[in-house]
Amino acid sequence: MTLRVAMIGYGFMGAAHSVGWRQAPRVFSLPDEVEMAVVVGRNAEAVADAAAQWGWQESATDWREVIARDDIDIVDVVTPGDSHAEIAIAALEAGKHVLCEKPLANTVGEAEAMADAAARAAARGIRSMVGFTYRRVPAVTFVRDLIAQGAVGKIAQVRAAYRQDWLVDPEMPLAWRLQKEHAGSGALGDIGAHIIDMTQFVTGLDVTAVSGVIDTIVKERPLQGSGSGLSGTAAEGYGEVTVDDIAIFTGRLSSGALVSFEATRFATGRKNDLSIEVSGDKGALRFDLEDLNTLWFYDRTAPEVTQGFTRILVTEAQHPYVSAWWPAGHMLGYEHGFSHQVVDLVTAIAEGTDPHPSFAEGLSVQRVLAAVEESSATGSGWVSVEAPVAAETISH
Ligand code: SOE
């Protein structure tokens, strides 16, 4: 069978997903053929250029027309968050499998509607998945496997941070990611969502309550060069930043363990630094995206005199996803996760199983984001996160 893909959107994530769609079928033995059929965007000329550059067969400007086509099997949504719900729900209702970028939506209400649509579609054999790509960095998947095997024992605490610095310059122009109507939230939803999902994924536990604060450091930014569709509401030439720049919060896991979360675009010198450390009574595991082939493991059950963090190079053929690539020690990078995402989605479609992260898992992250915003707005400390129903439980 051949699965024909339509990708809606063509920004940074469009480029990254295109690499995944192009590479996965060439490197992995997929159960089905994949064809990069059409990329969709509003600017006909720019989207045609993107199609030519990235290897899509065609480009189009109307996503509704594209999802109505009989020759499209998968719809990949890489637009800003404000259109995720509308496009993903329409695509699912049209009988297309859907891959949707993170965060799933801009609000809990939208995410609930999407999870409902996904559940209805699943009953008809239509699959859906959220693009929390970092789950598919081999070292991160391996952390999940090691924790499930008991390598760290009972988890006492997790430390999860995602730090970037692209907003430190106050003259950095306004962009869609800085306006609530387009992005839903700021550092919290854009990168905080990754570490919430990663924490739930690697521990197999849910975040049940949060307490935290979000803040906006630079409240107005130049509109110049920031593209169309942005609202300027302040002094001439400047537009209001309506999302957070920094989110710092504490989480409680379903086991009772505590998590410290930090998501920021103001960590000077940190370009794309996602790190997570899980500490338990038998050991600890530490991962840092800036050194993504490496995992650090502290084994408390080893003799005391030789205990210490051991560096594991996650490039062995036995490590998740690695055997299809290069011999041991030949490093993988940021883009490989996008291929692994395609492998998992296409495999699930062929096998008739529901891939992960599901829209229900995306909804669980959305609820955590909303609870952090509530905690910060009210200043009243802990806010409970609505428990996932059984079917939504975070899956391994
Ligand atoms: C921008 O902050 C961004 O591209 C995020 O949107 C991505 O999800 C993350 O992978 C890298 O940073």
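Start by selecting histidine 336, which is found in helix α9 (residues 336-351); helices here are DSSP runs of H or I with at least four residues, strands are E runs of at least two, and both are numbered from the N terminus. You are looking at a predicted model, where local features need pLDDT of at least 70, side-chain atom pairs count only at pLDDT 80 or more, and totals for chains, interfaces and linings use all residues. Residues are numbered from 1 along each chain as its sequence is written, and side-chain values use heavy atoms, leaving out hydrogens and water.

Stay on histidine 336 for a moment. Is histidine 336 buried or exposed? It counts as buried because its relative accessibility is 7% (buried is under 20% relative accessible area, exposed over 50%, partly exposed in between, with a 1.4 Å probe and protein chains only). Now show glycine 333: the histidine 336 side chain reaches its backbone nitrogen at 2.8 Å.

Select the open sheet of 6 strands, ordered β3-β2-β1-β4-β5-β6 with parallel pairing; two strands pair if DSSP finds at least two bridges between them. Its edge strands, β3 (58-60) and β6 (128-131), each pair on one side only. Zoom in on β4 (residues 74-77) and β5 (residues 97-101), which pair in the parallel sense over 4 bridges. There, aspartate 76 has leucine 99 in β5 as its bridge partner. Helix α9 packs on this sheet, touching β1 (2-8), β2 (33-40), β4, β5 and β6, and its direction makes about 170 degrees with that of β6. Such angles run from 0 to 180 degrees between N-to-C directions, with axes fitted to C-alpha atoms, for helices over the stretch in contact.

Then move to the other sheet: 9 strands, open and mixed, in the order β16-β15-β14-β13-β7-β12-β11-β8-β17. Pick β11 (residues 246-253) and β12 (residues 258-264), an antiparallel pair with 7 bridges, and find phenylalanine 249 opposite phenylalanine 261 in β12. Helix α10 (residues 359-378) lies across β8 (207-215), β11 and β17, at about 55 degrees to β8.

For a last stop, select valine 202. Leaving aside neighbours within four places in sequence, valine 202 is in contact with Val140, Val143, Arg144, Ile147, Ile276 and Val278.

Methods: Polar contact = N/O pair within 3.5 Å; in protein donor to acceptor, adjacent residues only side chain to side chain. Contact = heavy atoms within 4.5 Å.
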